[in-house]
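Subject: Structure for your review

Dear colleague,

Please find below the structure that I am handing over to you. A summary of the findings follows it.

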Amino acid sequence: MIKLTIDGIEVELEKPITVLEAARKAGIKIPTLCYFEGLKPFGGCRLCVVEVEKLPRLQTACTMMAADGMVVKTETEKIKAARRAMLEFLLINHPLDCPVCDKAGECELQDLVARYGPDAGRFREGKRRHPESFDDPIIVRNMERCVLCTRCIRMCEDLQGAYAITVTGRGSHSFVEPFSGGRYDCEYCGNCLTVCPVGAIMSRLHRHSYRPWYIQNNVETVCGYCGVGCTMILQMREGQIVRTIPEMGLGLNNGLLCVRGRFGYDFVQSEARLRMPMIRKDGELREVSWAEALDYVAKRLREISEKHGPQAVGGIGSSRCTNEDNYMLQRLMRFTIGTNNIDSAARLYYAPAQRFLERIFGQGITANLIPGIKNSDGVLIFGGDPTQINPILGLQIRAAGRESATVVTFGRAKGLERFAHYMLPGGPSVIDAVTGMIVQELRDKVQLSGENKWLEGEIQKTRVSEAVEGVSVDEVVERLKEMTNPVIIIGPEVLQSQNSDRTLLLIAQIVYLLNGRVFLLSDRPNYQGCIDMGVLPDMLPGGRPIEMFKHKAEEVMGKEVPTERGLNLFEMIEAASEGRLKALYVMGENPVFNLPDRERVTQALKGLEFLVVQDIFLTETALMADVVLPARAWSEKTGTFTNLERRIQMVRAGAESVEDMGDWRIIAELAQRLGEEKQFRSVEDVWEEITHVSPLHTALDYEEISKGNALWPYNGEPLRGVEEEVEIQGLDDIKPLKVEAVLQPDRPLYHSGSMSRHSKALKSIEDAPKVVIGEALSEKLSLKDGDRVRVTTERGTLKATVSIDSTLGDERVFLSNTFSEGNFSSLATYGVSRLGSMSLDANKVRVEKEEA
C-alpha cells in the first residue's frame with residue numbers, strides 16, 4: 001500500500017501510478033495540455049507542475065510516480081506563476097481567433113488561459129504564420145494553433161498504430177504534418193481529432209457550423225457498421241446528427257472509433273432516404289399512405305398463403321436491424337403465416353461457421369471478450385484483415401503485438417504488416433496445408449487433455465502429403481507451444497470456399513491444441529442477433545433447434561410452430577427461380593446487389609408473385625418490389641444489437657423520423673392485419689416477449705443491458721449436448737494446390753456494403769472501386785499503385801484503379817461490393833460450400849493493364 005498526501009488529503013494507492021493519476025483519484029484536478037488518458041506521459045506542456053516536499057524544483061505530475069510518504073502541493077503561488085509563464089509562452093504564437101475557431105467552447109487552452117493565464121501578452125514581435133491546409137477531404141489542419149503537445153502523434157502511434165503523422169521542422173517552425181505531405185495517407189480513424197486540445201486538427205464535416213452550445217442532446221448508442229459494437233455519442237440538433245464522438249472509459253472501444261463510426265453517419269441524412277410507402281401501379285412505384293400499403297401487403301400475403309400454402313412465403317432478415325426487428329420478422333413468418341422459410345445474410349459465412357464450431361466445442365465457443373485480446377500471448381489470424389473488417393478489434397491485436405504477443409497471420413492482412421511476427425500464405429488449399437503442417441508438428445509437442453476423444457483422433461489423422469514450397473513452420477510451432485493464453489481469429493476469406501469445412505476443422509484442431517479463445521470476424525453489426533432471434537430456418541429464438549424445442553415454444557406462444565423444414569437464403573433464391581416460392585418479404589437486405597450471380601438472383605425475384613422490401617433506401621432489390629416500406633436507420637432506432645462477443649448492447653434513437661415507422665412496428669401492424677391478436681405498443685413489449693420465448697434471454701431487461709455487461713449466456717441457459725462428430729473428407733491427404741487467379745470480395749476499411757455509398761464523407765475518401773492484387777501479380781503485369789486495369793470474368797468486365805497489397809502472396813484478385821458502377825457481385829457467381837456457407841471458388845479472373 002502506497003500512502004501520500006496531496007493538498008492535505010491522504011491518498012492510498014494499491015499499485016504505483018503517477019502523481020497526476022493519484023490526484024485525480026482524490027478528486028483534485030491538476031491542469032494539463034499534453035496529458036491524455038491512455039497515452040504515454042510526455043511532460044511537454046509543463047502545466048501539471050507540482051511542488052513535492054524535499055525536492056528543490058517543480059516536478060511534472062504526469063511523469064512522476066507516486067511514492068510512499070510523498071507530500072505534494074498542486075496550487076501554490078509558485079506553481080501558479082509557473083503555469084502563467086508557460087501559458088504566456090504558448091500564446092506567443094497562438095492566434096487569438098477564438099470567436100471563429102471551431103474548438104471554441106471546448107478548447108482546453110482557452111479554459112486554462114481563463115483560469116491561469118496572464119491579463120496581457122508582453123511579446124511584441126509578430127506571430128508565426130503557416131497556411132491552413134485543406135488538402136484533405138476530411139481533416140483540416142491549422143498549425144498556427146498547434147501547441148506541440150504531441151497528443152495526436154502519440155495517439156496515432158501508441159493506440160492506433162498507424163504511424164501516419166509526425167513533427168516536422170525545428171523551433172518555432174515545428175508543425176505536425178502527415179508523412180504523405182498534403183493529404184493524409186492513413187486509416188482516417190479521426191482519433192487525432194479526439195485528443196487535440198486546441199483547434200489545430202479539426203473535422204471538415206462541420207467546419208464553421210459547430211459549437212458545443214448548439215447541441216440540444218447527447219445520445220449514447222452503439223455504432224451500426226460492424227460487429228464490434230463501439231459505444232458512441234450522437235450529438236443532435238433539430239433531429240439531425242451534428243457529429244459522433246467517443247468517450248474515454250465508455251464501451252469496449254474506450255474512446256476510440258474507426259473511420260466508418262466517426263465519419264460515416266451522414267448516410268442517415270441522405271436525400272435518397274425513403275420517406276413514404278410505395279406500391280407498384282401500372283408498372284411504376286407510386287407513393288401511398290401507410291394504411292393502404294399495409295392493407296395491400298396483408299391482402300396479398302393472405303391470398304398467396306391460402307392458395308399455395310405457407311411454404312410459398314419466405315422472409316429475409318437483416319444483420320443491420322435490431323434484435324427486436326429480427327425477432328418480429330421471424331415471429332411473423334413462423335407464428336402468423338406458418339412457415340420456417342426465414343434466414344439472413346449471416347448465412348453467407350458467419351452462421352455456418354459458428355454452427356460448425358459449436359458442433360465441436362459446444363455453444364458459446366465464440367463468446368469471448370474483445371478487450372482481452374491485448375492481454376494474450378499469441379494471436380493467430382485466419383483469412384481476413386481485422387483492421388479492415390473490425391477495426392477496433394484490430395487495434396487490440398496491434399496492442400498485443402506491441403506488448404510481447406506473437407502475431408501470426410494466414411493470408412492477407414495489410415493492417416497488421418508492421419505488427420505480425422510471421423505472415424504465412426492463406427489461399428484456398430494452401431491454408432489447409434500450412435495449418436495441417438502446424439498441427440502435425442504441434443500435436444507431438446503439447447499434452448492432449450483427453451476432453452474430446454473424437455477431435456484428438458482427427459488431430460492424429462491429419463496428414464499433409466505435400467508440404468508448401470518455401471514455407472517452414474518449425475519456428476512458428478516453437479512459439480505456439482509456449483503459449484498459455486492464445487487467441488484465434490477467423491475471417492470470412494477462409495469460410496467461403498468449397499473446402500471451408502476442412503479448413504475450419506484444421507483451425508479447430510489448433511484451437512484445441514492451444515486451448516485458444518475464438519473470435520469470428522463480423523462485417524455487420526448484428527449477425528449474432530439474427531442467429532439468437534431465430535432468423536434461421538431450423539432454429540428458434542435462443543439457439544434452440546425446432547425439432548427439440550417446438551413444444552416449449554408453443555406453450556409460451558400459444559401458437560403452433562410449423563414442422564415442415566424451412567428454406568435457407570440460397571434455397572429461397574432457388575425456390576423462387578423454380579416457382580415454388582411465391583412471395584418474399586425482405587427487411588433491410590439487398591440480395592440483388594449483395595449476392596453474386598446478379599442475373600440469376602434478379603430472374604429468381606422476377607418470378608415471384610409478390611415481393612415486399614422494407615428498407616431505408618430504394619435499393620436494387622427495392623426497385624423490383626411490388627411494395628416498398630420505408631424503415632428507420634440505425635441511429636433512429638431504440639433496441640438492441642448482439643455483437644461478435646455475444647454481448648447485448650443498447651441502441652438508442654437520436655431522433656425518430658415522423659414519416660416512417662420502426663421495422664418492428666411495421667411488422668406488428670402487418671401481423672394485426674393478418675389476424676394477430678397481441679398488440680405491441682413499444683419496443684419494450686417486444687423485448688418482454690423475447691425474454692419469455694428465448695430460454696437464453698430469460699429475465700434480462702433493458703436496465704441490465706444498459707449497464708454494458710449483458711454477456712452470454714446472460715441470465716439464461718445455454719443449450720448443452722450439441723457437440724457431435726463431424727465427418728470431413730480429405731483430412732489424411734492434404735495437398736497445397738496452386739492458387740488460381742480468382743475474384744474474391746474485398747471488405748475495405750472505408751466502406752461497408754452498399755449502405756456507405758450514401759455517405760458523402762466516406763465517398764470523399766474513396767469514391768470508386770479499387771482492385772486489390774498482390775506483388776507477384778503486379779510484377780507479372782508491370783503494375784503499380786494507381787494504374788488502371790481491366791478485370792474480366794465470365795460475367796463481364798469492369799475498369800478500375802489497382803491497389804497493391806504486399807501481404808497478398810498469391811494471384812487472387814479482390815474487389816469491394818459497394819459502388820453501383822463497379823462491384824464484386826456483378827462479376828461473380830456463387831455456390832454452396834460443404835460448410836453451408838457461400839462458395840466463391842469458381843470466379844476465375846483475368847487482369848489486364850489498361851494502356852493510357
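I begin with a pair of helices. Helix α8 (residues 323-337) packs against helix α21 (residues 663-673) at an angle of about 20°, and their axes are 8 Å apart. Helices (H or I, at least four residues) and strands (E, at least two) are DSSP runs, numbered from the N terminus. Axes are lines fitted to C-alpha atoms, for helices over the stretch in contact, and angles run from 0 to 180 degrees between N-to-C directions. The angle therefore makes α8 roughly parallel to α21, a term for angles under 35 degrees, while those over 145 count as roughly antiparallel, 65 to 115 as roughly perpendicular and the rest as oblique. In contact (heavy atoms within 4.5 Å) are E324, D325, M328, L329, L332 and T336 of α8 with D663, W664, I667, A668, L670 and A671 of α21.

Please note that this is a predicted model, in which local features need pLDDT of at least 70 and side-chain atom pairs count only at pLDDT 80 or more, whereas totals for chains, interfaces and linings use all residues. Residues are numbered from 1 along each chain as its sequence is written, and side-chain values use heavy atoms, with hydrogens and water left out.

The domain assignment, which is automatic or taken from a database, gives domain 1 (2-75), domain 2 (123-269), domain 3 (297-344 + 535-715), domain 4 (350-520) and domain 5 (743-849). Between the C-alpha centres of domain 1 and domain 5 there are 53 Å.

Turning to the sheets, two strands pair if DSSP finds at least two bridges between them. An open sheet of seven strands, with mixed pairing, runs in the order β14-β13-β26-β25-β24-β15-β16. Its edge strands are β14 (284-287) and β16 (342-343), each of which pairs on one side only. Within it, β15 (residues 313-316) and β24 (residues 583-587) pair in the parallel sense over four bridges, and G315 has Y585 as its bridge partner in β24.

A further open sheet has five strands in the order β19-β18-β17-β20-β21, with parallel pairing. Because β19 (422-424) and β21 (517-520) each have a single partner strand, one side of each is left without a neighbour in the sheet. Helix α15 (residues 500-514) packs on this sheet, where it touches β17 (378-382), β20 (486-490) and β21.

Lastly, β1 (residues 2-6) and β2 (residues 9-13) run antiparallel and are joined by five bridges. Two residues lie between the strands of this hairpin, and D7 takes a positive phi near 50°.

Yours sincerely
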